[in-house]
Amino acid sequence: MKAIRVHEFGGPEVLRLEQIPCPPPAGGQVLVKVAAIGVNPVDTYLRSGSNASLVRPFVPGLDAAGTVESIGEGVTRVRTGERVYTAGNLSGAYAEFVLCSESQVHPLPEFLTFSQGAAVGVTYATAYRALFQRAAMRAGESVLVHGASGGVGLASVQFARAAGFRVTGTAGTERGCLLVSQNGAEHVLNHLVPGYLDAASALTLGQGFDVILEMLANVNLGRVLPLLSRNGRVIVIGSRGRADIVPRDLMFRESDVRGISLFNLSDSELAAIHHAIGAGLRAGFLRPVVAQSFPLEDAARAHVAVLAQGALGKLVLVP
Ligand code: NAP
């Protein structure tokens, strides 16, 4: 089968298109014929060597969607030919086939495209983990989705709106702002316009946000702490470096900074998350937004694009 492999850590140029054997499913495993692959920023960090212990060569990629090609002994949750999205895998998603354990494969409703399915795994799981499990938000609370135009941001806006939270989102372009508004944010601000955090604060009428989902904590953490309400929580989702904060900003408000990592979740937490995502996809209030698709052989170009400014949803690869 065709697959992208990384033999040595490095820039996008280390993503090599190769022919490798297709892995057969053992007991409890599912082989998925991949129709679309989700590109996540974490794919670029792993490619660059953020986890030095990763055994090379490896096939990158956490998210995919397609049809079940074959199943191993004992698999009962899915059948051959069924449309699925995958969340995590055993062999790497940047390929024509991906091997998963049974718990990593979830039904994809007929009315969603495979590209939309490939946009589900990491982004919606992160959004749910942040809003409901780490921030423990309650209906009526307010949330600032700081970086709402990308994969995680739009998923967060959709979940938050459906749950009855008051949502403000940010984006760095006019088109991004429009998209965030179309996906359910009550207020939208451009995070590249000077003074936008004062405008965000004014929207809360001095009360502050109950929750802030932060996509770029190294740039923003110190600046958003004064925007929290009493007992407010910042959930650090993304960060690409160090941050300066004034600890006093946390003291007066008795507010919290909480991290999140999808890689820490227990099987039962993951199962709960994907039950919630499945319900939202079927009900229609979760609608994955795909910005652009690239052929699999252009994975290097997609890795440059996923880190560029001007997000409009998710990037996908098509094998
Ligand atoms: P993405 O699709 O590339 O979106 C990036 C988002 O960040 C866009 O909305 C972008 O807006 C926004 N952004 C850019 N500059 C910003 C600024 N100065 N202030 C606030 N936001 C800004 O990426 P993603 O998939 O949504 O992931 C977002 C981040 O979360 C990444 O760093 C990713 O690695 C991380 N993440 C972490 C976990 C975890 O488990 N902790 C899981 C998933 C993702 P514009 O492009 O419109 O400017």
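Which residues are the closest of those that surround the ligand? In this predicted model, 27 residues surround the ligand, and the closest are Tyr45, Ser149, His191, Gln309 and Gly310. The shell around the ligand draws at least three residues from each of two domains, namely domain 1 (2-120 + 288-318) and domain 2 (123-263).

**Ligand contacts**
- Glycine 310 has a backbone N or O atom that lies 2.8 Å from an oxygen atom of the ligand, while a polar backbone atom of valine 152 is 2.9 Å from an oxygen atom of the ligand.
- For glycine 150, a backbone N or O atom lies 3.1 Å from an oxygen atom of the ligand.
- Of the 930 Å² of accessible area that the ligand has on its own, the protein covers 89%.

**Make-up of the ligand shell**
- The helices α1 (41-48), α3 and α4 each supply at least two residues of the shell.
- By residue class, the shell around the ligand divides into 13 nonpolar, 13 polar and one charged.

**The cavity**
- The count comes to one cavity of 30 Å³ or more, and the largest cavity has a volume of about 50 Å³.
- The lining of the largest cavity includes Ala119, Thr123, Tyr124, Pro288 and Lys314, and its residues divide into six nonpolar, three polar and one charged.
- Both α3 (121-134) and α4 (151-162) supply at least two residues of this lining, with α4 giving the most, at three residues.

Note on methods. Residues are numbered from 1 along each chain as its sequence is written. This is a predicted model: local features need pLDDT of at least 70, side-chain atom pairs count only at pLDDT 80 or more; totals for chains, interfaces and linings use all residues. Side-chain values use heavy atoms; hydrogens and water are left out. On a 1 Å grid over the protein atoms alone, a cavity is a set of points where a 1.4 Å probe fits but cannot get out, and a pocket is an open set with protein on both sides within 12 Å along at least five of seven lines; lining residues have an atom within 4 Å of a point. Grid points are joined across faces, edges and corners, and a volume is the space filled by probe spheres set on the points. Helices (H or I, at least four residues) and strands (E, at least two) are DSSP runs, numbered from the N terminus. Ala, Val, Leu, Ile, Met, Phe, Trp, Tyr, Cys and Pro count as nonpolar, Asp, Glu, Lys and Arg as charged, and the others, Gly among them, as polar. A residue is near a molecule or strand if one of its heavy atoms lies within 4 Å of it. A polar contact is a pair of N or O atoms within 3.5 Å; within protein, one must be able to donate a hydrogen and the other to accept it, and residues adjacent in sequence count only if both atoms are side-chain atoms. Accessible areas come from the Shrake-Rupley method with a 1.4 Å probe; for residues, only the protein chains shown count as cover. Domain bounds come from an automatic or database domain assignment.
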